[in-house]
Amino acid sequence: MIRRQVYALPACALAAACFAYSAPFAHRSLTDVLLHCIGAVAIGIGFVLARRVPRVGRLIVLTGAAFYLGDLRVSPNQTVFAIGFCLAYLWTAMITHVVLSLPSDRLGSTSIRLLQAASYLAAVGTQIGRYLADQPEPPWWWNYDPGEQTPWAMASSLIYIAISAVVLAVLIRRWVRSTTVRRRQIAAIWACSIVAGVAAISAALASALGAGIEARTRILLAAAALIVLVMPIGLLLRRIHLVLAQGRAARAVLDIQTGTDTVPPARLRRAIADAVGDPSLTLHYPKDDGTWVDIHGRVTPEPQARPGRAITRVERGARLVAIVEHDEALSEQRLVTAAALDIASLAIDNASLHTRLRQLPDAAFVERHRIQRDLHDGAQQPLYAAMLLLDLARTGSAPIGPTLDRANRLLRDAITAMRDLTSGVYPQTLGEHGLAAAFTQIAELSPIPLTVDVPPDRWSPRVELVAYFLVREAIANAYRHAGASHVEIAIRQRNHHLVLDVVDNGLGGATDPAALRARAASVSGELTVVSEPGAGTRIRVELPVEGR
Amino acid sequence: MRVGIVEDQPLLQDVLAEGLRSRGVVVAFLARDAGQVAALLDRDPPDALLLDVRLPPDYTDEGLQIAQATRARHPEIGLLVLSSFGELDLAERLLTLQDPPRAVGYLLKERVGNLDELVGALGRVADGDVVIDPNLINGLMTRRRAASPLDSLSPHERRILAMVAEGRSNLGIAEQMACQVGTVEKHLSAITSKLGLSAIDQPQRRGMNVRVLAALAFLRGMDHRVGR
């Protein structure tokens, strides 16, 4: 494991020494000089990359340096020659290391680590074996013709081919399993790796098949050039892609922010998703009670990082505005993602208000449905029945006197039901005398005993109305569904909240009261329910109110 | 005629049964929800079913669901649905139970105030006809719409279209309007061509209803286009 920058400088010094040492032997033509400089180019590119992807950058520097270890084979000194001979192909394993580390800068799973270890073992081990078995003599160079192909040389070529093929298979598997975002990110690297891998395999294959030394040398050097040059180019292309993405993100988010102060959350989500290039991105807003809602105001589980998905927090000042859940691959362009989300944080924050507001129509709908049902059950049916009775009386199909009496009673029932209904829509007592009086009235009419502990204070009509209906429905639930025989109602103002408690002694185990929750949400209130089976139900509602 | 009543309000249930009996209708059974209806229908199927739309448990469209189930199991039973609110989509669902629609009716619930009309509609539905509440048609016609083809109808033609919707025969319409059957037929062909429905023309009564249904579907299409 190469962890620290300090390894890079001595490595480069060693490479330079090797380069200079072998120069008189190696530089017989311009082509030779150029090929010999491949390692130096890799070192340069590695240093550039190290600023962005430190580990991979350093690894490329060391790969470039390792390229020159083979130069030691020109030494007449047997020990120096042996070191050069054994380490001559170390750089090929290091390239595998670079390829497998991309794009996340980490090798990842144990099997990939084992593959990498095998790659190092093969690159150095086969050369050690060759040294011991074939007993080569110095000097030696890349295009040195050892004559007869030895079994060890053959074996090392085949092992190299096998490992390269496995690495290629791993890359292809990664590609197939990638998300769209990931593929777009690694397309350049992937293409380079495949080209390089194929070149490396064909060079080894040519060697194994005993192709002429000239051909082998050319393929080997061409492959080396391709690998060492093309890989950093791929990384550079990715950098360019990221910079472009960043520009796109900034533009998209600026577009969002000019014009209106509140963007519909769905449009905002789309804009951010386009900007960072992840269509699967979702926004989650925290609520005061610790639950989370999506852009449609629906309750969602708390967003968490999980395989394939990562989260980014959006904060303004010290306050958490939202959590963005996105493709894990975005984490590798976190600068872009973070920048985009930072710019968008104001819009995201505004949109959260929008999300809360969206819950209003729900409450209105529930209310309308309830009125419709009350109409159906209470007021309309006696009217229909009265009409029918009147028709019977008119046509003489039934005795007139008693039939008209029945119709009369039904009309009275209908009028009573209508009055109850309208007072339910806007209870008169509530409007005139406030919550305390209205609840006292409810208690008087209620089928079950109520204890009311409400101060005679007044709040805004909207809050009072919501509180009134919440209590009415909670009592109705306690009576109808929970079979409660007693209900306690208490209201207190605590700081900037009106705190409303409705506690019954019924069956408990109530399901989440969605209608009540929607009502509370229509004035940005929060509702909590504790309802253990057999232990009654306790509903607490906190409605924000102006401070006093 | 034997009729089953499906109504959840006990009060209205009783009065309905009483009213129908006074007109010589045999009330086969009284039921209040889908479960009860299914058992009763299998035991002794009536000629027609009188259904409220909103029934327990959720008071949404249970009556229509019962209508669907009944049509599938006992296709011969006429289905007359009563609704407090003239919901067009429910009417359309009822009319699309079968193609072409037959033996279904959709009336506003206030029709119970005229028992002769109600019994007449039950009889037509039991005979396989289609009956639509004229108020539904009138409501459609009076609703403001951008460039409705109905604007091109004369008041006279609108009245005829409304009567057609009630399921009246050409002769019945002629009697109502105190004119010749031939005049009615002329008006009808004018109406269908003005509404762009001239391709559908059968002389029979059934065909006439199909024309009205086409008009209904057409009007609904218009409503969707302008956005309600």
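Of the 548 residues of chain A, 37% count as buried. The model is predicted. Chain A holds 17 helices and 10 strands.

**The open sheet**

- Five strands form an open sheet in chain A, with 5 strands in the order β3-β2-β1-β5-β4. Their pairing is antiparallel.
- The edges belong to β3 (299-300) and β4 (309-316) of chain A. Each has a single partner strand, so one side of each is left without a neighbour in the sheet.
- Strand β1 (residues 282-286) pairs with strand β2 (residues 292-293) in chain A. The sense is antiparallel, over 2 bridges.
- In that region, A:Pro286 stands opposite A:Trp292, a residue of β2(A).
- In general, strands of a sheet pair through backbone hydrogen bonds, either parallel or antiparallel.

**Helix α17**

- Helix α17 of chain A covers residues 514-521. Of its 8 residues, 6 are buried, so the helix is largely enclosed by the rest of the structure.
- The buried residues in α17(A) are A:Leu516, A:Arg517, A:Ala518, A:Arg519, A:Ala520 and A:Ala521.
- A buried residue has 20 or more other C-beta atoms within 10 Å of its own.

**A:Thr528, in a strand**

- A:Thr528 sits in strand β9 (residues 526-530) of chain A.
- A:Thr528 has 14 other C-beta atoms within 10 Å, so this residue is partly exposed.
- Leaving aside residues up to four places away in sequence, A:Thr528 touches A:Asp289 and A:Arg540.
- A:Asp512 is 16 residues from A:Thr528 in sequence. In space the two are 9.1 Å apart, C-alpha to C-alpha.

**A:Thr150, in a loop**

- A:Thr150 belongs to the loop between α7 (110-134) and α8 (151-177) of chain A.
- A:Thr150 counts as partly exposed because 14 C-beta neighbours lie inside 10 Å.
- A:Asp134 is 16 residues away from A:Thr150 in sequence. From C-alpha to C-alpha, A:Thr150 and A:Asp134 are 7.3 Å apart in space.

Note on methods:
Residues are numbered from 1 along each chain as its sequence is written. Chains are lettered from A and ligands numbered from 1 in the order in which they are written. This is a predicted model: local features need pLDDT of at least 70, side-chain atom pairs count only at pLDDT 80 or more; totals for chains, interfaces and linings use all residues. Helices (H or I, at least four residues) and strands (E, at least two) are DSSP runs, numbered from the N terminus. A residue is buried if 20 or more other C-beta atoms lie within 10 Å of its own, exposed if 12 or fewer, and partly exposed in between; C-beta atoms are placed from the backbone. Two residues are in contact if their C-beta atoms, placed from the backbone, lie within 7 Å. Two strands pair if DSSP finds at least two bridges between them.
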